[in-house]
Amino acid sequence: MKYLDEYRDEKIARGIVAELSRRATQPWVLMEICGGQTHTLMRYGIDDLLPAGIELVHGPGCPVCVTSLETIDKAIAIASHPEATLISYGDMLRVPGSRTDLFHVKAQGGDVRVVYSPTEAVKFAHANPGRKVVFFAVGFETTAPANAMAVWQAKREGLKNFSILASHVLVPPAIRVLLSSPRNRVQGFIGPGHVCTVMGYREYEDLVREFRLPIVVGGFEPLDLLQAILMLVTQLEEGRAEVENQYVRSVTYEGNLRAQKVLAEVFEICDRKWRGIGGIPESGLALREAYAEFDADRIFGTEGVTAEEPAECISAEVLQGLKKPTDCSAFGTRCTPENPIGAPMVSSEGACAAYYQYRRHAIAAKANH
Amino acid sequence: MPPEGKLDTALNCPVPIAAGESILLGHGSGGRMSGDLLRNIVLPALQNPALDQLNDQAIVDVGGSRIAFTTDSFVVKPLFFPGGDIGTLAVNGTVNDLAMGGATPLFLSLALILEEGLPLDILRRVMESIRVAAALAGVAVVTGDTKVVEKGSGDGLFVNTSGIGLVSSGIRLSADQARPADCVLLSGNIGDHGITILSQREGLEFESAVASDTSALHTLVASMLRASLDIRCLRDPTRGGLSSSLNEIASRSHVGIELEENSIPIREEVQGACEMLGLDPLYVANEGKLVAIVEPNAAERILEAMHQHPLGLNARMIGTVTRSHPTMVSLRTRLGTSRIVDLLAGDQLPRIC
């Protein structure tokens, strides 16, 4: 298929890997930020292609995985409300909250629906004036503009029965937390291609200067990732620490200015709790006061909901790249996609689920040797 | 089990959301949750040798004749979609379940569950589709039933069909017969039906030129069996897609299956929709395709016979049965690496970004 096959070509992939082997003179630990990138790495077995010594650890960029337990509990509380219709992206439905998940709420009669775009939720609100329609607005800078647009549109149209449960998170503050940790092992980052499509990569220059390590904004196809890895290793071997853009067909330095404008209009930066990591200052987006009437948290009085994370799950360490999913004693036994203990096992973008789905046989084969 | 009185912390899942409390949509996905439901709740009550085969149809001996018997319920939404409707599906689905046992389909039953308020015009259209599909497949609907449920207790129209057919002696197709070195043949492009339905769903509408592939496969099967009887097993990869059918065969035959990603035919529109929605076409439903496990010596001959049939023009060999990694299906990716094609727990969930 055009625009896809070109980025999945075996010959070119092997060429990049050969070049990588020539350039890498020592081991390097790299992190891909995005869950979408983790998914591609696992789906195409790219870690099997890499020369020994190039280690990839999987970052906190799965929106499903980092949405805090209490946010899930809030969504569940709202979905259980008889007048509410909770509208969500599909993969949030299976994320375990403290006691149940949205699939079970739906099975018990809660009105939970799946869409691909928040504007569908706005349409639904128009068509069903008797329902209090709530869109579950999770995700990084990538999904935030469309959600901001939905709120902006709802306000312009004077829609009274639409609100969002906003739990947006921002990538740069999370990278800062990872790099500030005394246990950090990561020496270079594959930057989040879709986030940077919206935001540009100006903000990543500060990180590169502050922490003296390279960031290459990467795409999501196998060759995108291999090329980004090659660019990172080249910088590391040459002792450079710069922001480079591999994903030039989508990302520009400034990003999408119109998307940034609507983001700034509707949202403001706030402190945010990340599942598996904890509170990170100024790492989220919340509705501005001018849009408070669209804040589901206020409408349904769920501001006070809090929740403790399960102790057994090592997602904190997985999401920080300190451990691999297979280091967890529950992996594949007590924690599976059917019964996830922790969020990274839920979405196919989550590191644990990606390992479980695509890499189990390799893991089993290694264990037998 | 932990000794009495002692708390087994190792088994004490911190977020115990057992998928056993009530029926979830995932129980109908054809994935692992569906399998668990059958194994844990349904089958224990019914055990008998014909059922225990767990094929798409039971084959029972009646007075010296081998009768294939099957049933299927249809709850598709929307009722009408490009390429067909619930009526065509109800006929073709049951005909195909018989065909996968190598049977010549003969008779169908038809049960309609109608929701109060369903416009009669819709029922007329569906009945016309059933008439046409049955005529095309050469089967007669010889018995039936109608029930009406109160508004809100159904979703417009549910249809059940059962079917019987005759299996000639010498034909033995079963999911537990795959052997190492066997070839895996696929009759054509995957994912057309699932993507068509998805493109019509409320809240997800997108424009697409794809139509459902719903069709009756028994004449294709007959051509294949005429070419060679060395067919071990046939499956029509409906809900849960190609991956679920092959996982089932791998598990029942205790063999591995290795697929070649490059050999699996997928229409560009379907591939594009899957990329956009974050779905894997290997898990998307088909309603007019079959996958065959055949002896290696017979593979070429059978493939040729498939190519001669209008429903097998794009048939391919997509993989082989292996001794390694028994019960698992793996895929050699375009990059030459290998990955698992797992049975999904429930339905495929569209990804956020």
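Guide: Gladly, and let us start inside; do keep in mind that this is a predicted model.

Visitor: Which residues have the most contacts inside the largest nonpolar core?

Guide: That core holds 207 residues. In chain A, helix H12 (residues 222–238) gives the most to it, with nine residues. The residues with the most contacts inside the core are A:Val134, A:Phe136, B:Leu185, B:Ala292 and B:Ile302.

Visitor: Which residues does B:Ile302 touch?

Guide: Residues up to four places away in sequence are left out of this list. What remains for B:Ile302 is B:Leu185, B:Met224, B:Ala227, B:Ser228, B:Ile231, B:Ala292 and B:Val294.

Visitor: In the five-stranded open sheet of chain A, which strands stand at the edges, and why is one side of each left without a neighbour?

Guide: The strand order is S2-S1-S7-S8-S9 in chain A, with parallel pairing. Each edge strand has a single partner strand, so one of its sides has no neighbour in the sheet. Those edge strands of chain A are S2 (54–61) and S9 (243–245).

Visitor: What is the bridge partner of A:Val216 in S9(A)?

Guide: Strand S8 (residues 215–218) of chain A runs parallel to S9(A), and three bridges join them. Across in S9(A), A:Val216 has as its bridge partner A:Glu244.

Visitor: What radius of gyration does chain A have?

Guide: For 369 residues, a compact globule would have a value near 21 Å, and chain A agrees with that. Its C-alpha atoms fill a box of roughly 65 × 45 × 45 Å along the principal axes. The radius of gyration of chain A is 21 Å.

Methods:
Residues are numbered from 1 along each chain as its sequence is written. Chains are lettered from A and ligands numbered from 1 in the order in which they are written. This is a predicted model: local features need pLDDT of at least 70, side-chain atom pairs count only at pLDDT 80 or more; totals for chains, interfaces and linings use all residues. The radius of gyration is taken over C-alpha atoms; the globule rule is 2.2 Å times the number of residues to the power 0.38. A nonpolar core is a set of buried Ala, Val, Leu, Ile, Met, Phe, Trp, Tyr and Cys residues joined through C-beta atoms within 7 Å. A residue is buried if 20 or more other C-beta atoms lie within 10 Å of its own, exposed if 12 or fewer, and partly exposed in between; C-beta atoms are placed from the backbone. Helices (H or I, at least four residues) and strands (E, at least two) are DSSP runs, numbered from the N terminus. Two residues are in contact if their C-beta atoms, placed from the backbone, lie within 7 Å. Two strands pair if DSSP finds at least two bridges between them.
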